[in-house]
Amino acid sequence: MAKPLSEENHSVSPVVLVVIAVLLWSTGGMFIKLATNLDAYQVTFFRSLLAGLTVLIITWRDGLRINLFGAMCSVIYATLLFLFVWATKHTTAANAIFLQYTAPIYILILAPFVIGEKFHLRDLATVIFCLAGMSLFFVGDLTIGDYQGNIAALGSGIFLGLYIMLLRHPKAMGMSGTITVIYGNFLLALLTLPSGISAISTAGIMDYAAVGFLGIFQIGISYILFIKGVRGGTRPLDASIIGFIEPLLNPVWVFIFVGERPQKWAILGGAIIIATVVVHTFVQYRTFAERTS
């Protein structure tokens, strides 16, 4: 009998569960690139359909009720998923993941309006450094596809920031931890259904293997493991730091298995963004610890 998601896992360390989840996340760029016969819409259909089914089968006992607020969160989640796939198909995996990780600056800017958190003067430095890092993705020898992919990646970062903020909203407290993942993925699968059907006869074995891994493991299983790890006792700071494994390893896997080499300016920009977000995470945690001690 399947255990509810909220039930703690005693056989594996919660931190190990988070690490495994983040390692699975980091393979997203590689498997999206390996689905060479599928476009962004087709990858999205198979990935989201399998992810939604995986999470539904494992966590249905936690409840499937959703309200209007949850539906809005599901739409935002679906949008960030599609934009990331589209960005990865049109620019380098490094650009897609690094630019998605600009989400914290949108949280800093929008949080006062969305969830009532104050914007502090120290946060301004984080925004400035991240913007400086972002600008480096738009210099050098770029194609139209690079610009389009980079803009889509920025969009995925904006929607990721919105999604994180809304999950912290008081109206989200009564929702199941996976409900927006289930409905968000099914919504995407429904919207991209015509593209998915058209790909059934043209997709190869590697394409099906890639989207199968993306849906079942890279989104479905990983999200469940991450929630179990966090609810099982992993500190928010530790989970945040472990999460930075994703943008660091994502372009590495793509380089090793696909041969895609990031541009030097993108590497520098990504390093600035990740370093800035890491420092900001430590400062935020230390400030919170001082207030609660």
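Visitor: Where does Asp146 sit?
Guide: Asp146 belongs to helix α8, which covers residues 144-167; helices here are DSSP runs of H or I with at least four residues, numbered from the N terminus. This is a predicted model, in which local features need pLDDT of at least 70 and side-chain atom pairs count only at pLDDT 80 or more, while totals for chains, interfaces and linings use all residues. Residues are numbered from 1 along each chain as its sequence is written, and side-chain values use heavy atoms, leaving out hydrogens and water.

Visitor: Is Asp146 buried or exposed, and what is its nearest side chain of opposite charge?
Guide: Asp146 is buried, meaning under 20% relative accessible area, with exposed over 50% and partly exposed in between (1.4 Å probe, protein chains only). Asp146 has no salt bridge (a Lys or Arg side-chain nitrogen within 4 Å of an Asp or Glu carboxyl oxygen), and the nearest side chain of opposite charge, that of Lys33, is 7.8 Å away. For charge, Lys and Arg are positive and Asp and Glu negative, with His and the chain ends not counted.

Visitor: Then what does Lys33 form a salt bridge with?
Guide: Lys33 pairs with Glu260, and the closest N and O atoms of the two are 2.9 Å apart. Glu260 lies in the loop between α13 (245-257) and α14 (264-292), whereas Lys33 is in helix α2 (residues 28-34), so this pair ties together parts that are 227 residues apart in sequence. Both Glu260 and Lys33 are buried.

Visitor: How many salt bridges are there in the whole structure?
Guide: A search of the whole structure finds three. One of them joins the side chains of Glu117 and Arg168, at 2.3 Å from N to O. Glu117 is in the loop between α6 and α7 and Arg168 in the loop between α8 and α9 (179-191), so parts 51 residues apart in sequence are tied together. Glu117 is partly exposed, with a relative accessible area of 34%, and Arg168 is also partly exposed, at 40%. Another salt bridge links Arg235 and Asp238, at 3.0 Å from N to O; Arg235 is partly exposed at 38%, and Asp238 is partly exposed at 25%.

Visitor: New topic: how many residues of helix α5 are buried?
Guide: Eight of the eight residues of α5 (residues 93-100) are buried, so this helix is largely enclosed by the rest of the structure. Among them are Asn95, Phe98 and Gln100.

Note on methods. Helix = DSSP H or I, 4+ residues; strand = E, 2+ residues; numbered from the N terminus.
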